[in-house]
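Look at the sequence and the structure below.

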Amino acid sequence: MMGGLRADELRPERSRTFAFGGLSPGLALVLALVLVQAGVSGVTALDNGLALTPTMGWLHWERFTCNVDCMEDPENCISEQLFMQMAELMVSEGWKDVGYEYVCIDDCWLAPQRDKDGRLQADPKRFPRGIRHLANYVHSKGLKLGIYQDVGTLTCAGYPGSFGYYDIDAETFADWGVDLLKFDGCYAKDLKSLVEGYKYMSYALNKTGRSILYSCEWPLYMRPYQQPNYTEIRQYCNHWRNYGDIFDSWSSVKNILAWTAFHQKSLVPAAGPGGWNDPDMLVIGNFGLSWDQQITQMALWAIMAAPLFMSNDLRNISPQSKALLQNKDVIAINQDPLGKQGYRLRKDEVFEVWQRPLSNLAWAVAVLNQREIGGPGTYTISTTDLGEGLGCAPACLITQILPVKKELGLYEWTSQLKVRVNPTGTVLLKLQTFQQDKFPVISP
């Protein structure tokens, strides 16, 4: 959410690509192998031992926004009841088992004023037993609780912000048993106070002695004024938002993808264990995306090594959307321990190809059909173009993960890979290299 010091809408433009131009194929293979498997991001992460893989959980904002009218809409207002219900479902419906572990409160949980000692307090009608009680309940389910605050004088929705209270707020969150802080950037006085506030809250959280994951929006609010220094940001934050809020629409999802691709030269090197670029919530299971568009969001968020925060109603989600969000093969790509963010490899008038290096010399590849008219389209690519020349060197087993899982077979380095993709849909593939002397290769 945004207000006060605001980030202007940034228009995505042409893509940037990664390539080893001008090198012989052999030298390119060697160089690429060294770079991919080095696993070094070149930047230092916040050393709190958290977010070693992208964070997974549930966050209320996109689906439930700032609904505080519990008289009119008791089932959907921002209240203790809502978060307890989501925590219960995350356990009983298998979400916890596949990795979703944080139940996160966004804006509008607060009372309009701090207490007499200057401490934050939850709205007494909507959270009658307080945040500590809610945290205890969430912890009893084997889950973790996230909460929201703001670096400025007010939150984006106009509730008390943390400016001038960083230490006491960090201590309050630790005392309550909070496990994650989403720290927004509305109503900061100026750029200096924005940056200093984000840094100070990082120190304040660590000083409490409690492990609290720190989710920032620092670069989102800084970018209209100056380019973010991701090496610096990564030293203070576990993940960070770069772009405006997601909406429950295809245009929103595709704008985020376009913006990320345009800025990938600076974004991709910043990501890695302990710190991640956050393209915002998963809106799968809501109202605005077709089935193919839901597949695209899930596939590309996995390629981007994005935190996976669902914002939906787990009480009313279709079996199809639930299965997609709980797809263990896609989650395994997202959570891959190599910790490298993927990027857009190429783009033409119809298709985009994204890829991500994975552990054990594997690669994930996503082919997105950008068209919003007509029927499925066929895309053909040489396997030598995938995985920076390594994906099928000298051969690889290709498995289609989405939209349905199926083995496509063994491919040689010089094979042609052909996929058929629905409009606004994505085919997600996993390539696993094999040694030619150990496995017979069948050219498709």
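Ala 305 comes after helix H11 and has a positive phi, near 50 degrees. The model discussed here is a predicted one. Helix H11 itself covers residues 291-303. At 1.5 Å a residue, its 13 residues should span 18 Å, and the end C-alpha atoms are 19 Å apart, which agrees.

Is helix H11 mostly covered or mostly uncovered? The helix is mostly covered, with 11 of its 13 residues buried. Among the buried residues are Gln 293, Ile 295, Met 298, Leu 300 and Trp 301. Buried here means that a residue has under 20% relative accessible area.

Now turn to the sheet. Strands of a sheet pair through backbone hydrogen bonds, either parallel or antiparallel. In this model, 8 strands form an open sheet with parallel pairing, in the order S7-S6-S5-S4-S3-S2-S1-S8. Strand S7 (276-278) and strand S8 (308-310) stand at the edges; each has a single partner strand, so one side of each is left without a neighbour in the sheet. On average, neighbouring strands of the sheet are turned by 25 degrees against each other, direction ignored.

Trp 240 has Asn 277 in S7 as its bridge partner.

Helices also lie against the sheet. Helix H3 (residues 80-92) lies across strand S1 (56-59) and strand S2 (102-104), and runs at about 160 degrees to S2. Helix H4 (residues 130-140) packs on the sheet as well, touching S2 and strand S3 (144-150). The direction of H4 makes about 145 degrees with that of S3.

How values were computed
Residues are numbered from 1 along each chain as its sequence is written. This is a predicted model: local features need pLDDT of at least 70, side-chain atom pairs count only at pLDDT 80 or more; totals for chains, interfaces and linings use all residues. Side-chain values use heavy atoms; hydrogens and water are left out. Two strands pair if DSSP finds at least two bridges between them. Helices (H or I, at least four residues) and strands (E, at least two) are DSSP runs, numbered from the N terminus. Axes are lines fitted to C-alpha atoms, for helices over the stretch in contact, and angles run from 0 to 180 degrees between N-to-C directions. Contact means heavy atoms within 4.5 Å. The expected span of a helix is 1.5 Å times one less than its number of residues. Buried means under 20% relative accessible area, exposed over 50%, partly exposed in between (1.4 Å probe, protein chains only).
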